Amino acid sequence: MIHSIDESGNLTWKCQHRSQCGATAQYHISHERIQWHGAPGAKPEHQTVSLPPCHVCGAQTFLKVHFTEAELKAPNMWLAWTSERAQSLVDLQAASALEPDGTPHKAALAAQIKDLEAIRDAGGLHTESHAVALRHMELARQLRASGKVPQEDV
Amino acid sequence: MSLPAVNGNTIQASDLYQLCRPSGGQETGHYWLAGPVYTSGAVISLYMPSQSRGATPVSASIDTTQQAPTGGMTAAPSTFNLTSDGFQISTTSTTGPNTNARAAGGYTIQY
């Protein structure tokens, strides 16, 4: 996943291969290894965009750059306000009322309550994964604008 | 999560992450891509189902640390068709005819 992309096509990325690498890099979208990939004749939404191989571990990351509305509402993308979360909030508030002030548990309960109230007040909450998906879609838009198009568009 | 699972233990939310990865979660594994190449440019492909279902991945990374491309495979493979069910690993960087073009290594799906 990319961590940022600006309007000029400069992107920053941290390798997350095998949860171990952690190497960071910056590229411009004109980099020769930033390319669309897909099976011959594949639809654009089935294609990915590659980043250059990691300069530390050698792994290569391929970004999903097309997301359907359903994919953007997946549980890792959208935290819906559900009856289960509403009950959790009630339970946490009850537990917090019984907990003596100043304890670490009280603080932990307060943090959980705050998070749930934020979801409740917003009617739901987009996650960081949703923000990543939007950055990837922006990358795809900039690639097309620069002339790098999926194979089927050629 | 403690392994192996023991009767009587409370099921934590994190015990179920592999079934539907949360935001920021990862799934790792290994792949082995191999096949005959009847002519240069022929496709060698496999589909890698994910354990996670329902969560939308944002990227996938692969390496060739277990087996560098050889035997008619001239470059590391690519991944695409990335969905909540898994992804495809494939290459057309092949020279043929060859009987056992192959590459292998680890993969990571980022959610």
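In what sense do β6(A) and strand β3 (residues 59–62) of chain B pair, and over how many bridges? They pair in the antiparallel sense over 4 bridges, where pairing requires that DSSP finds at least two bridges between two strands, and where strands (E, at least two residues) and helices (H or I, at least four) are DSSP runs numbered from the N terminus. This is a predicted model, in which local features need pLDDT of at least 70 and side-chain atom pairs count only at pLDDT 80 or more, while totals for chains, interfaces and linings use all residues. Residues are numbered from 1 along each chain as its sequence is written.

**The interface**

- The contact, meaning heavy atoms within 4.5 Å, takes 30 residues from chain A and 32 residues from chain B.
- Chain A and chain B bury about 2300 Å² between them, 53% of it on carbon and sulfur atoms; buried area is the accessible area (1.4 Å probe) that two parts lose on being put together, summed over both.
- Of the area that chain A buries against chain B, 27% comes from A:Arg18, A:Phe62 and A:Asn76, more than from any other three residues.
- On the side of chain A that touches chain B, the elements giving two or more residues are β6 (60–64) and α4 (128–146) of chain A.
- Within the pairing of β6(A) with β3(B), A:Phe62 stands opposite B:Ala60.

**A hairpin in chain A**

- Strand β1 (residues 2–5) and strand β2 (residues 10–14) of chain A pair in the antiparallel sense over 3 bridges, and A:Ile5 stands opposite A:Leu11 in β2(A).
- These two strands form a hairpin with 4 residues between them, and A:Gly9 in the turn has a positive phi of about 90 degrees.

Notes: Chains are lettered from A and ligands numbered from 1 in the order in which they are written. Side-chain values use heavy atoms; hydrogens and water are left out.
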